[in-house]
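Here is a short briefing on one protein structure. Keep the sequence and the 3D view open as you read.

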Amino acid sequence: MTGTQRRGRRIMMTPAELDAFLAGQRVCRVATAGPGGRPHASALWYAWDGRALWLYSLTRSRRWADLRRDPRVAVLVDDGHAYGELRGAELSGSVVPVGEAPRSGGACPELEEAERLFAGKYFGMAAMPHDGRHAWLRLVPRTVASWDFRKLAGG
């Protein structure tokens, strides 16, 4: 990641905290720009490998069409209910499609780790089930902003 968080340093997550947070959450919100710049936000399952956010998207979705036309994206992962529990991260950059689209399970060494993480996280399986309707987008974030309001309790 090349961007540096300038504001909120007191509540930003350390790299280890951010890594654990992104690996542990289940849903992200993906913001794309449609034709003419119209915003579109959608919830999606993902995998975090410590370096990249892997989005497993339906290839016949508005999100996929938006990102094929303009790969710039902002992704929000957040958690908490009460103000003092809120924490999250916004990752932004450009996505890159990886592997076949749609994915039917053909050999793709670049996807092995993402699919192992995803299959375990969401399906409790060692291998990824493929439905021939989804494909992978990889986001290596250019910028990340994080916050953990639980740090405010310490003073």
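The model is predicted. Helix α1 spans residues 15-24. V77 sits in strand β4, and H134 sits in strand β6.

**Helix α1**
- Three residues of α1 are buried: L18, F21 and L22.
- Seen down the axis of α1, these buried residues fall within an arc of 95°, so they line one face of the helix.
- The face turned away from the buried side carries the exposed residues A16, A20 and G24.
- What do the buried residues of α1 pack against? Their partners are the strands β2 (39-48), β4 (72-79), β5 (87-98) and β7 (143-148), together with helix α3 (112-123).

- V77 has a relative accessible area of 0%. Buried means under 20%, so V77 counts as buried.
- Beyond its neighbours within four places in sequence, V77 is in contact with F21 and L22, among others.
- Its contacts also include Q25, V27, C28, Y46, R87, G88 and A89.
- V77 and R38 are 39 residues apart in sequence. In space they are 22 Å apart, C-alpha to C-alpha.

**H134 in strand β6**
- Strand β6 covers residues 134-139.
- Is H134 buried or exposed? With a relative accessible area of 15%, H134 is buried.
- The side chain of H134 makes a polar contact with the side chain of D131, at 2.8 Å.
- Leaving aside neighbours within four places in sequence, H134 is in contact with Y56, S57, L58, T59, P102 and R103.

Technical notes:
Residues numbered from 1 in each chain as written. Predicted model: local features only at pLDDT ≥ 70, side-chain atom pairs only at ≥ 80, totals over all residues. Heavy atoms only, no water. Buried < 20%, exposed > 50% of the residue type's maximum accessible area, 1.4 Å probe, protein only. Helix = DSSP H or I, 4+ residues; strand = E, 2+ residues; numbered from the N terminus. Arc of directions from axis to C-beta. Contact = heavy atoms within 4.5 Å. Polar contact = N/O pair within 3.5 Å; in protein donor to acceptor, adjacent residues only side chain to side chain.
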